[in-house]
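Student: Could you go through this structure with me, starting with how the chains meet?
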Amino acid sequence: MSDIHGSAQLGERVVIEKDVKIGKNVVIGHHSVILQGTEIGDNVTVGCNCVLGIRPAVNQRMRETSNANRQLVIQSGTRIGHLVSIYSGTELGKDVFIGDHASIRENVSVADESVIGRAAIVELNTKIGKRCTVQTQAYVTGDTTLEDHVFIGPCVSMSNDKYMGAQAYSLKGPHIRKGAKIGNNASLLPGVTVGHNTIIGAGAVVTKDTEDNIVAAGVPARKIK
Amino acid sequence: MSDIHGSAQLGERVVIEKDVKIGKNVVIGHHSVILQGTEIGDNVTVGCNCVLGIRPAVNQRMRETSNANRQLVIQSGTRIGHLVSIYSGTELGKDVFIGDHASIRENVSVADESVIGRAAIVELNTKIGKRCTVQTQAYVTGDTTLEDHVFIGPCVSMSNDKYMGAQAYSLKGPHIRKGAKIGNNASLLPGVTVGHNTIIGAGAVVTKDTEDNIVAAGVPARKIK
Amino acid sequence: MSDIHGSAQLGERVVIEKDVKIGKNVVIGHHSVILQGTEIGDNVTVGCNCVLGIRPAVNQRMRETSNANRQLVIQSGTRIGHLVSIYSGTELGKDVFIGDHASIRENVSVADESVIGRAAIVELNTKIGKRCTVQTQAYVTGDTTLEDHVFIGPCVSMSNDKYMGAQAYSLKGPHIRKGAKIGNNASLLPGVTVGHNTIIGAGAVVTKDTEDNIVAAGVPARKIK
């Protein structure tokens with residue numbers, strides 16, 4: 001059985017599976033699908049044609065995650081766009097904004113008031129701090145940390161697999177320190193740390209850790225200020 | 001009440017909200033959602049699972065636009081793919097083509113016979129001229145102008161915020177002059193102008209205005225011809 | 001009439017058009033659309049809100065393909081995510097994995113056990129070998145060949161049109177030889193060949209053919225090892 005508050009406004013042909021909890025004043029758009037076990041807080045808005053609470057599917061060549069039984073939790077005031085997919089085992093804080101066509105994998109946390117842009121993708125096991133901005137089409141790979149107040153520009157790309165599938169390797173994404181800003185279409189290599197308040201130029205390729213409070217740009221990225 | 005011409009072919013479980021106008025010989029795919037106030041011209045085709053006429057949603061950290069009451073207008077002969085989202089306050093001209101998974105924000109105009117590719121994104125307050133091509137996965141940021149006959153290659157990235165959210169700043173996207181061509185995965189910085197018929201190489205990072213009729217490439221982009 | 005095996009589990013409001021074949025133990029998520037003529041093998045899983053078997057739509061400025069009457073064939077054991085679009089005239093092998101939000105055009109073949117990542121796009125007339133990985137948001141252009149065991153990193157971009165629409169030109173995408181690995185956000189120009197087991201660095205721009213068994217990086221890409 002699901003627990004849907006009487007004040008919820010559901011669009012046409014919304015599918016709500018069992019064990020779903022929906023708080024006060026929630027709005028869900030037409031044709032959206034809320035899968036088993038999802039918890040949606042008060043005043044949350046969900047667009048049309050979304051799929052929320054997806055259980056991870058794996059094939060023999062992909063990692064299995066251990067949290068297959070945990071639910072998706074969406075805290076109060078968060079707004080989710082249209083045509084969005086979000087997995088189970090993930091928690092979105094309060095007043096988060098998720099753009100249309102975005103996709104967020106399992107075991108991700110997005111802290112209060114952060115923005116995940118249109119068609120941006122956040123892979124599994126990633127932590128995103130408070131008031132971060134992940135711009136349109138940016139790719140936040142798995143096993144990544146964004147501290148608070150980080151800005152990821154549009155179309156930024158990250159990777160977490162140094163050997164591109166060729167060796168047994170503990171996957172490690174970038175670590176972006178508080179207040180750092182990454183310019184549009186920059187590329188970050190596996191495991192790099194970007195320092196506090198550091199700015200990375202558009203189109204830069206960050207191949208190693210950067211200091212705090214600098215500006216770096218180019219291919220490969222070098223300190224320019 | 002909506003005004004749907006008798007010749008319209010609607011797929012299964014299409015949702016049509018009130019105050020929608022649908023012209024002659026329109027085809028709408030299964031499960032698509034046409035939101036309140038949308039105007040669809042004659043001979044328009046819409047794919048499955050689309051969401052058309054979205055009212056802008058904003059949070060406290062995002063800009064409010066002034067045209068929240070204007071509708072989405074789609075002129076005759078235009079074809080829209082599957083899983084597409086388009087906002088209200090936008091106008092698509094005649095014989096425009098919008099690829100699958102594309103997203104177009106509010107207050108955008110796309111002139112006749114232009115092509116917006118698969119999974120391409122066009123942000124708010126942007127003008128796209130006649131017979132332009134915006135290729136697959138390209139990102140056209142807000143406050144951008146593409147004059148007529150512009151070609152934007154696949155995965156091109158643009159930005160419009162020089163200070164990456166850090167300062168009060170009037171956002172300004174690139175201005176691409178008539179006939180210019182931008183190679184795949186190039187990055188354009190906020191406010192840059194690309195000259196008439198100028199060609200930008202693949203992967204280039206355009207940091208300042210370019211002349212007309214040249215070829216520029218590299219990081220940062222320099223004139224090579 | 002469609003031929004749906006009695007063991008199939010269909011979600012709510014799945015649309016199945018005529019002449020569809022569905023094998024044993026197939027699972028199809030809520031709101032997905034299976035268009036006319038699609039053939040789905042045993043043990044295939046399809047997510048929610050997908051559109052499978054799309055007939056190519058063209059406008060006057062786009063190429064018409066000759067296989068408009070061929071169906072989409074999905075072989076046994078393949079898993080397809082949510083919000084995916086796949087065209088008719090394409091064949092997916094056994095135990096293939098297609099990520100959420102991915103899009104695959106017509107006349108594509110994907111061989112057994114390959115992975116097409118989340119929001120990745122594969123354009124028309126492309127051949128993908130066995131056990132390839134095309135990572136998240138990567139763009140595989142039309143008329144491209146990936147031999148077996150190729151790795152395409154996240155956000156990789158390719159193009160197949162040397163003149164960007166300006167001249168009559170036979171379109172030709174890259175050819176990636178067996179075992180080659182392309183780093184994240186690299187750009188490949190039309191018609192380039194990447195050699196056997198060659199590794200291309202993140203953010204590189206590959207402007208000409210590379211040798212076998214080398215490492216190349218930079219803009220433009222040069223041999224570094």
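Student: Which side chains of chain C and chain A meet in a salt bridge?
Tutor: The side chains are those of R118(C) and E123(A), at 3.8 Å from N to O, where a salt bridge is a side-chain nitrogen of Lys or Arg within 4 Å of a carboxyl oxygen of Asp or Glu. The count between chain C and chain A is one salt bridge. Keep in mind that this is a predicted model, in which local features need pLDDT of at least 70 and side-chain atom pairs count only at pLDDT 80 or more, while totals for chains, interfaces and linings use all residues. Residues are numbered from 1 along each chain as its sequence is written, chains are lettered from A and ligands numbered from 1 in the order in which they are written, and side-chain values use heavy atoms, with hydrogens and water left out.

Student: And how many residue pairs are in polar contact there, between chain C and chain A?
Tutor: There are 16 residue pairs, both residues at pLDDT 80 or more; a polar contact is a pair of N or O atoms within 3.5 Å, and within protein one must be able to donate a hydrogen and the other to accept it, with residues adjacent in sequence counting only if both atoms are side-chain atoms. On the side of chain C that touches chain A, the residues divide into 14 nonpolar, 15 polar and nine charged, with Ala, Val, Leu, Ile, Met, Phe, Trp, Tyr, Cys and Pro taken as nonpolar, Asp, Glu, Lys and Arg as charged, and the others, Gly among them, as polar.

Student: What area is buried between chain C and chain A?
Tutor: About 2900 Å², of which carbon and sulfur atoms give 57%; buried area is the accessible area (1.4 Å probe) that two parts lose on being put together, summed over both. The contact, meaning heavy atoms within 4.5 Å, takes 38 residues from chain C and 47 residues from chain A.

Student: Now chain A and chain B: which side chains meet in a salt bridge?
Tutor: There E123(B) and R118(A) meet, at 3.8 Å from N to O, and chain A and chain B bury about 2900 Å² between them.

Student: Switching topic, what is the strand order in the open sheet of chain B?
Tutor: Its seven strands run β3-β6-β9-β12-β15-β18-β21, with parallel pairing; strands are DSSP runs (E, at least two residues), numbered from the N terminus, and two strands pair if DSSP finds at least two bridges between them. The edge strands, each pairing on one side only, are β3 (15-16) and β21 (139-140) of chain B.

Student: And what stands opposite I104(B)?
Tutor: V122(B) in β18(B) does.

How values were computed: Helix = DSSP H or I, 4+ residues; strand = E, 2+ residues; numbered from the N terminus.
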